[in-house]
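Here is a short briefing for a first look. Please view the sequence and the model before reading on.

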Amino acid sequence: MKSNDKKKFYETLWFCILMLFVFAPIGIFLLWKYKYFPVRVNVVLSVVTAVLFVVFLATPSDSATPYMDEQQESSDSPIASNAPADADSSSQYSADPLPPAPSFEYDALQQLYLDLDPNMGYEDMLSLVQSTNLPYSEEKYNGSRKVQVAFTDGCTVQRHKKENGDYLEIIYEYIDGENSANDVLSKYSFGTCAYVPSDSDLCLISHVSGAYFSYYEPGNYISDLGKKLDLDKNMSKKEQLEYYFLNK
């Protein structure tokens with residue numbers, strides 16, 4: 001009867017050493033299963049090959065990078081293009097031009113509405129109004145002053161306007177806690193400016209302080225027949241006018 005003492009290949013030392021460097025987990029398993037070396041040697045071999053295996057796995061492979069770079073360069077090369085070199089392909093692939101943004105011409109009253117700066121003092125505001133050569137009226141109320149500017153004298157009448165036409169209201173509020181009867185112009189500050197066109201039910205309001213009808217919080221508003229529209233109060237005065245031009 002023949003003895004079956006011949007080792008299988010995976011039980012041999014050479015296969016164990018090979019696996020330690022090819023795939024460390026299998027090599028370490030075989031190292032401890034078949035005990036080719038003393039325990040101390042097994043520990044050293046296991047630690048070293050395990051560390052090398054982890055480092056190998058953690059290192060990214062850059063082998064594909066040159067190929068990808070070469071492909072990118074070739075795709076950017078004019079030689080690789082399917083279109084003839086002298087073909088005018090710009091018109092084929094260029095996007096359709098965007099429609100031009102709407103442009104509006106402002107009349108003198110609308111331009112004054114844009115030019116009014118809430119940081120202006122009362123006298124500076126009045127100088128700006130006078131520089132337009134537009135008719136205006138100026139009246140003092142309890143705690144405020146109001147200037148009304150228009151294209152005709154009849155539209156500058158504040159309490160009972162005689163004519164139908166565009167006008168601009170500019171209201172300055174007297175400083176809180178002081179008697180406005182003293183009427184010191186330097187103690188007035190910007191309150192509200194309202195542009196009221198005659199060709200629309202819209203009204204553009206730029207409010208900073210005081211109370212203007214139901215407007216108490218600072219912001220730029222648009223009303224329709226006196227009703228406040230649900231629009232962003234942080235819109236600019238130019239955006240207000242753009243809305244007016246498009247929706248009047």
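Is Cys-16 buried or exposed? Cys-16 has 0% relative accessibility, so Cys-16 counts as buried. (Buried means under 20% relative accessible area, exposed over 50%, partly exposed in between, with a 1.4 Å probe and protein chains only.) This is a predicted model: local features need pLDDT of at least 70, side-chain atom pairs count only at pLDDT 80 or more, and totals for chains, interfaces and linings use all residues. Residues are numbered from 1 along each chain as its sequence is written, and side-chain values use heavy atoms, leaving out hydrogens and water.

**Sheet**
- Seven strands make an open, antiparallel sheet in the order S1-S2-S3-S4-S5-S6-S7. (Strands are DSSP E runs of at least two residues, helices are H or I runs of at least four, and both are numbered from the N terminus; two strands pair if DSSP finds at least two bridges between them.)
- S1 (136–141) and S7 (227–228) stand at the edges with a single partner strand each, so one side of each has no neighbour in the sheet.
- S1 and S2 (residues 144–150) run antiparallel and are joined by six bridges.
- Tyr-141 has Ser-144 in S2 as its bridge partner.
- The S1 and S2 hairpin has two residues between its strands, and Gly-143 in the turn has a positive phi of about 90 degrees.
- S5 (residues 202–207) pairs with S6 (residues 219–224) over six bridges, in the antiparallel sense.

**Cysteines**
- The whole structure holds zero disulfides. (A disulfide is a pair of cysteine sulfur atoms within 2.5 Å.)
- Cys-203 is in no disulfide, and its nearest cysteine sulfur, that of Cys-193, is 9.4 Å away.
- Cys-203 counts as buried, at 11% relative accessibility.
- The bridge partner of Cys-203 is Ser-223 in S6.

**Nonpolar core**
- The largest nonpolar core has 28 residues; among those touching the most other members are Leu-116, Met-125, Val-149 and Tyr-195. (A core is a set of buried Ala, Val, Leu, Ile, Met, Phe, Trp, Tyr and Cys residues joined through side-chain atoms within 4.5 Å.)
- Elements that each supply at least two residues of this core include H6 (108–115), S3 (167–174) and H8 (237–247).
- H7 gives the largest share of this core, five residues.

**Surface patch**
- A nonpolar surface patch of about 700 Å² accessible area includes Phe-9, Trp-14 and Ile-26. (Patch residues have over 30% relative accessible area and no salt bridge; nonpolar side chains, namely Val, Leu, Ile, Met, Phe, Trp and Tyr, are joined within 5 Å.)
- H1 (residues 13–22) gives the most to the nonpolar patch, three residues.
- Phe-9 lies in the segment before H1.

Methods. Patch = residues over 30% accessible without salt bridge, like charges linked within 9 Å, V, L, I, M, F, W, Y side chains within 5 Å. Areas by Shrake-Rupley, 256 points an atom, 1.4 Å probe, with all protein chains shown as cover. Salt bridge = Lys/Arg side-chain N within 4 Å of Asp/Glu carboxyl O.
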